[in-house]
Amino acid sequence: MPWVVRDAVDGVNRVVGRRWQDLDRMLPGRADLPEGCAAPLVAAGTNGRPAGLGVCRHEHVPADTLNQTWGAAGRFSLILRLREPDTSAALDDLLGQWHDHLAGLPETGAQDTAAMISWPSRDVSGVNALLRHGMQAMTVIAVRPAGQAADGGQRDLVIREAGPADLDTVAEFEMGVIRYDAQFGSAILRPATEALVRAETQAALARRPAWAWLAERDGQPVGLVHVQPPELSGWIAGMTRPGVTAYLQTMFVRPGERGGGVGAALVRHAHGVLDARGVQATLLHYAQVNPLSAPFWSRMGYRPLWTGWEVRPAASLR
């Protein structure tokens with residue numbers, strides 16, 4: 001690092017961790033800045049202290065992984081740590097520096113790329129700066145603390161664990177979510193997506209205890225909820241406060257059954273199991289512009305924790 005010495009970085013991390021806790025107690029209590037592709041970008045502050053830091057991280061997601069379904073193949077992420085409650089000036093400065101950094105990378109002009117930022121949803125002071133630089137709110141990471149009540153439900157459904165014999169149905173429902181989310185840009189159907197979904201589903205249904213449940217009416221499956229257990233949710237657990245964290249990866253209801261309480265019944269059932277198994281926080285993603293997701297998940301006890309901002313291709317950042 002040039003003039004930003006390690007103790008200055010640690011100081012920013014501590015301040016940002018406290019600021020996050022003031023914004024939202026479900027945010028992480030620490031805000032450690034990871035390593036990036038180069039030295040941190042620095043927004044100058046007062047008294048010689050940086051007002052904010054940012055590091056750029058590059059990731060190419062291989063075509064033979066399901067992760068490529070959930071975004072661009074080339075991902076350029078800016079990890080930000082901003083000291084002051086009003087982040088607008090420092091954020092604008094860091095976004096400008098990041099623009100210049102990305103402009104020097106020829107690969108950012110490829111169509112299948114994105115410039116990405118995860119931003120605390122309640123930190124509204126930075127929204128206008130993100131918009132000025134051409135970014136759009138694409139996804140939300142929502143959180144539910146253990147014990148948070150959910151509204152609704154149905155009594156005429158049978159909800160049961162999904163097992164290996166349900167592979168065709170569960171894979172069909174998993175693909176239904178992907179096809180629906182593709183309309184909002186939060187999922188991208190790839191040539192290998194269906195085969196990868198089926199393989200991942202087969203492995204998930206073989207685990208016991210089960211973390212996937214089907215809702216049936218008159219013996220016919222009408223909905224699915226599928227959760228990644230805590231031991232498989234480490235990739236996202238750091239986005240919330242420390243504790244036992246699970247990830248709700250899929251909730252799907254057949255189109256003709258939507259609006260009748262099937263989804264609420266499934267989610268309530270899953271919440272009861274998660275609470276009994278000691279899960280302290282459950283995270284999930286939904287597309288920001290999906291007209292069904294935000295109201296539904298709010299009724300189920302979830303609220304936005306992080307908002308994923310993007311611009312595609314990455315070179316389109318202003």
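Predicted model: local features only at pLDDT ≥ 70, side-chain atom pairs only at ≥ 80, totals over all residues.
The side chains of Glu310 and Arg312 meet in a salt bridge, with N and O 2.8 Å apart. Glu310 counts as buried, at 9% relative accessibility. Arg312 counts as partly exposed, at 32%. The pair belongs to a set of 15 salt bridges in the structure. Side chains of opposite charge can pair when their charged atoms come close.

In one, Arg190 joins Asp112, and the closest N and O atoms are 2.7 Å apart. Arg190 sits in the loop between helix 4 (167–181) and helix 5 (193–205), while Asp112 sits in the loop between helix 2 and strand 4. The two residues are 78 residues apart. Arg190 is buried, with a relative accessible area of 16%. The cut-off for buried is under 20%. Asp112 is partly exposed, with a relative accessible area of 31%.

In the other, the side chains of Asp92 and Arg132 meet at 3.7 Å, N to O. This pair links helix 2, which holds Asp92, to helix 3 (residues 127–132), which holds Arg132. Asp92 counts as partly exposed at 29% relative accessibility. Arg132 counts as partly exposed too, at 46%. Salt bridges also form a network, which links Asp24, Arg122 and Arg303.

Strand 4 pairs with strand 3 (residues 74–82) in the parallel sense, over four bridges. Within this pairing, Ala115 of strand 4 is the bridge partner of Phe76. From strand 3 the chain passes through helix 2 (residues 88–103) to strand 4. This β-α-β crossover is right-handed.

Strand 4 also pairs with strand 11 (residues 303–311). Here the sense is antiparallel and there are six bridges. Ser118 stands opposite Gly308 of strand 11. In a regular strand the side chains alternate between the two faces of the sheet.

The structure holds six aromatic pairs. One of them joins Trp20 and Trp306 in an edge-to-face arrangement. The ring centres are 5.3 Å apart and the planes stand at 90°. Trp20 lies in helix 1 (residues 6–23) and Trp306 in strand 11, so the pair ties together parts that are 286 residues apart in sequence. Trp20 counts as buried, at 5% relative accessibility. Trp306 is buried as well, with a relative accessible area of 5%.

A tilted pair is formed by Phe173 and Phe252. The distance is 5.1 Å centre to centre, with 40° between the planes. Phe173 belongs to helix 4 and Phe252 to strand 9, 79 residues apart. Phe173 is buried, with a relative accessible area of 0%. Phe252 counts as buried at 10% relative accessibility. Elsewhere, ring pairs link Phe296, Trp297 and Tyr302 into a cluster.

Among the buried residues are Leu167, Val170, Phe173, Met175, Val177 and Ile178. Thr169, Glu174 and Asp181 are also included in that buried set. The buried residues of helix 4 pack against helix 5 and against strand 7 (212–217), strand 8 (220–228) and strand 9 (245–253). An α-helix has 3.6 residues a turn, so residues three or four places apart point the same way.

The length of helix 4 was checked against its residue count. At 1.5 Å a residue, its 15 residues should span 21 Å.

Methods: Residues numbered from 1 in each chain as written. Heavy atoms only, no water. Pairing = 2+ DSSP bridges. Right-handed = clockwise from strand over helix to strand, strands pointing away. Salt bridge = Lys/Arg side-chain N within 4 Å of Asp/Glu carboxyl O. Buried < 20%, exposed > 50% of the residue type's maximum accessible area, 1.4 Å probe, protein only. Expected span 1.5 Å × (residues − 1). Contact = heavy atoms within 4.5 Å. Phe/Tyr/Trp six-rings, centres within 6.5 Å; stacked < 30°, edge-to-face > 60°.
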